[in-house]
Amino acid sequence: MKHITYIHERSDWTKWQWSDKELLPLVSRVRILQGRLLGKLSTLGFDLNVEAQLDAVTLEIVKTSEIEGESLNNEQVRSSVARHLGIDDKGMLTATREIDAVVEMMLEATYHYEKPLLLDDLLGWHRALFPDGYSGLYRIKAGALRDDSQGPMQVVSGGYGREQVHFIAPSADTLSEELDKFLSWFNTSPNEQDNIDLVIKAGIAHLWFVTLHPFDDGNGRLTRAITERVLAQSDDSDQRFYSMSAQILTQRNDYYKILERTQKGDSNITKWLTWFLQTLEQALLSAIETTDRIVSKAKFWQTYREQALNVRQVKMLNILLTDFYGKLTTKKWATITKCSADTALRDINDLVEKGMMRKSEASGRSTSYELILYEFI
């Protein structure tokens with residue numbers, strides 16, 4: 001079998017190279033979008049600004065776990081994030097100790113973005129991910145570097161007898177030296193690194209750390225936490241308003257493919273950085289859309305603040321203003337609000353009469369309804 005040379009086996013593997021000609025247009029677009037998003041958020045009132053941050057941090061925490069196949073309860077994560085941000089979490093689900101620990105880890109990663117990143121930080125974050133020392137059914141060394149006692153660290157897919165090895169990480173014997181080198185580079189200012197742009201540095205840090213794979217488990221989530229810290233540096237803000245992990249999740253197969261190709265390549269990482277920056281660009285565009293929806297929602301409620309509405313109507317309007325997908329029918333209204341079809345129709349007709357909703361022109365075989373939002377966009 002032909003031996004595969006992994007990137008970390010090359011003597012000069014961290015002397016990263018890339019094509020400025022190919023990357024600078026992408027960097028420019030990303031920087032413009034960062035400025036546009038932060039500019040929009042700076043015009044919002046305090047409450048809307050906090051709401052945008054709550055949405056983004058919750059999304060990042062939920063999606064970074066989903067990438068690894070772990071599902072966290074969205075409402076519990078949101079409750080924990082709200083409490084940590086000083087937002088009233090009354091009426092929200094109580095978060096578990098494990099979720100609280102993950103939320104604290106992610107917020108710690110970005111809140112102290114100006115401080116050096118230390119090995120103790122990484123070990124603490126790892127303990128937060130695995131507070132009981134287990135990953136599923138397996139005992140792991142939480143808060144300690146892997147020792148490869150069970151064999152070399154491999155990224156593998158496929159069932160028993162059909163395993164495919166995608167990547168073999170550096171030997172545990174080299175981890176201390178390799179992490180020292182990584183952290184020294186990470187904590188060096190861009191001015192001392194030939195003025196490397198911080199969004200490029202985020203892409204390099206992501207690739208470098210995930211290639212080291214220094215822990216028994218949780219390496220992907222720690223990699224994305226480190227990425228968030230560099231992106232916070234690039235925004236010069238401890239407030240997070242966009243989610244890189246949410247965008248990576250939508251392209252998870254491509255994510256693993258480009259990582260595997262890069263880890264089997266050489267020190268020219270232009271293709272990886274291109275993919276990373278394009279993904280970051282999409283994350284920013286998505287965040288701008290979300291911010292526009294938050295503003296639209298606030299204007300909607302401000303306009304209709306004096307209208308008398310029942311609990312079902314308030315609930316459904318908030319859903320329609322945030323994350324409702326597909327067409328709204330009386331059947332969907334009745335199902336979501338747990339009422340009869342007749343009650344649902346009365347609720348909807350009342351909103352139509354108040355000018356808050358209308359029948360959709362493209363209703364098809366079943367009558368559907370939509371919010372009147374054109375005044376609030």
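Buried means under 20% relative accessible area. The legends below apply that cut-off to a predicted model.

**View 1. Glutamine 247, a buried residue of helix 9.** Glutamine 247 has 15% relative accessibility, so it counts as buried. Its place is in helix 9. Which residues is glutamine 247 in contact with, leaving aside neighbours within four places in sequence? They are Thr279, Gln282 and Ala283.

**View 2. Aspartate 236, in the loop between helix 8 and helix 9.** Helix 8 spans 219–235 and helix 9 spans 244–250. Aspartate 236 is not a glycine, yet its phi is positive, about 55°. Most residues other than glycine have a negative phi. Is aspartate 236 buried or exposed? At 55% relative accessibility it counts as exposed.

**View 3. Aspartate 148, another non-glycine residue with positive phi.** The phi of aspartate 148 is about 60°. Its place is in the loop between strand 2 (138–139) and strand 3 (154–157).

**View 4. The largest nonpolar core.** This core has 85 residues. Those with the most contacts inside it are Ile61, Leu122, Trp125, Phe182, Ile204, Ile226 and Trp272. In soluble globular proteins, nonpolar side chains tend to be buried together.

**View 5. Isoleucine 61 and the residues it touches.** Isoleucine 61 is among the residues with the most contacts inside the largest core. Residues up to four places away in sequence are not counted here. Beyond them, isoleucine 61 touches Leu72, Val77, Val81, Val102, Val103 and Met106. A second core of 18 residues is separate. Leu317, Leu320, Leu328 and Cys339 are included in that second core.

**View 6. Helix 13, with its buried and exposed residues.** Helix 13 covers residues 330–337. Which of its residues are buried? Trp333, Ala334 and Thr337 are. Why do these three lie on the same side of helix 13? They cover an arc of only 95° around the axis, which puts them there. An α-helix has 3.6 residues a turn, so residues three or four places apart point the same way. The face turned away from the buried side of helix 13 carries the exposed residues Lys331 and Thr335.

**View 7. The cover over helix 13, and the residue that follows the helix.** What covers the buried residues of helix 13 includes helix 12 (311–322) and helix 14 (341–353). Strand 5 (357–359) is also included in that cover. Lysine 338 follows helix 13. The phi of lysine 338 is positive, near 60°.

Technical notes
Residues are numbered from 1 along each chain as its sequence is written. This is a predicted model: local features need pLDDT of at least 70, side-chain atom pairs count only at pLDDT 80 or more; totals for chains, interfaces and linings use all residues. Side-chain values use heavy atoms; hydrogens and water are left out. A nonpolar core is a set of buried Ala, Val, Leu, Ile, Met, Phe, Trp, Tyr and Cys residues joined through side-chain atoms within 4.5 Å. Buried means under 20% relative accessible area, exposed over 50%, partly exposed in between (1.4 Å probe, protein chains only). Contact means heavy atoms within 4.5 Å. Helices (H or I, at least four residues) and strands (E, at least two) are DSSP runs, numbered from the N terminus. The arc is that of the directions from the helix axis to the C-beta atoms.
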